[in-house]
Amino acid sequence: MQINMSVQPGHDWTQPLGLLSDCHRRVEKFLGIIAQAAAGLNGGALDAGSREALAKALTYFRQAAPMHTADEEESLFPRLRAADTDEARAALAQVDGLEDDHRTADWQHAEVDALGNCWLAEGTLREDDARRLTELSLGLQEHYRGHIALEDTVIFPLAGRAIPERELLEVGREMAIRRGLDPDARTPESRCVSRRQGVAIRV
């Protein structure tokens, strides 16, 4: 089963809103890998390429995606809530809803991770587990479709208008530090890279 693992690099720490959108492209990519494997193989045997792709996708959502959530909830959203503009205040209910979305996705990802790792360990999945993995991954794709669209087209542009540039730069620094990286580095390695368990994943 052929699975495309490529993800294009994007912005650096001085462009945190663009970097957050880059993270969305990785969420879409890795979730698509899980959904493709689940729906295409129905819990059957994984070839080497599919096994590697599934393992990396599961690792992304277990290790890297939570940092993206923290980028929003701990760095960006508090500054948006503190922004003294009518436009920002009008968007606060949407921001609250985005945080609720994160909690909803968390338990679904936990179940996907458990099923996916069972598949990797056992080589195949029972029919009911395979059906559940497909249901969850397709449901998460639908969930993220609206969530990401709201952030990319409404919330992030609003943050760019409402949050002072110096504060946005601080968001980027916090994103780098959250990953144990140097926010002042301007090398390719400075772009949202998480290296754990021998797997390089862009966050």
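Student: Where in α2 does a kink lie, and before which proline?
Tutor: A kink of about 40 degrees lies at alanine 64, shortly before proline 66. The bend is the angle between axes fitted to the seven residues ending there and the seven starting there. Helices here are DSSP runs (H or I, at least four residues), numbered from the N terminus. This is a predicted model, in which local features need pLDDT of at least 70, side-chain atom pairs count only at pLDDT 80 or more, and totals for chains, interfaces and linings use all residues. Residues are numbered from 1 along each chain as its sequence is written, and side-chain values use heavy atoms, without hydrogens or water.

Student: How far apart are the end C-alpha atoms of α2?
Tutor: They are 49 Å apart.

Student: Changing topic, at what angle do α1 and α6 cross?
Tutor: The axes of α1 (residues 16-41) and α6 (residues 165-178) cross at roughly 45 degrees and come within 8 Å. α1 is therefore oblique to α6.

Student: Which residues meet there?
Tutor: Pro16, Leu17, Leu19 and Leu20 of α1 meet Leu168, Val171, Gly172 and Met175 of α6.

Student: And where is histidine 143 found?
Tutor: Histidine 143 belongs to helix α5 (residues 127-162).

Student: What is histidine 143 in contact with?
Tutor: Setting aside neighbours within four places in sequence, histidine 143 is in contact (heavy atoms within 4.5 Å) with Asp101, Thr104 and Ala105. From C-alpha to C-alpha, histidine 143 and threonine 104 are 9.2 Å apart in space, although 39 residues apart in sequence.

Key: Helices (H or I, at least four residues) and strands (E, at least two) are DSSP runs, numbered from the N terminus. The expected span of a helix is 1.5 Å times one less than its number of residues. Axes are lines fitted to C-alpha atoms, for helices over the stretch in contact, and angles run from 0 to 180 degrees between N-to-C directions. Angles under 35 degrees count as roughly parallel, over 145 as roughly antiparallel, 65 to 115 as roughly perpendicular and the rest as oblique.
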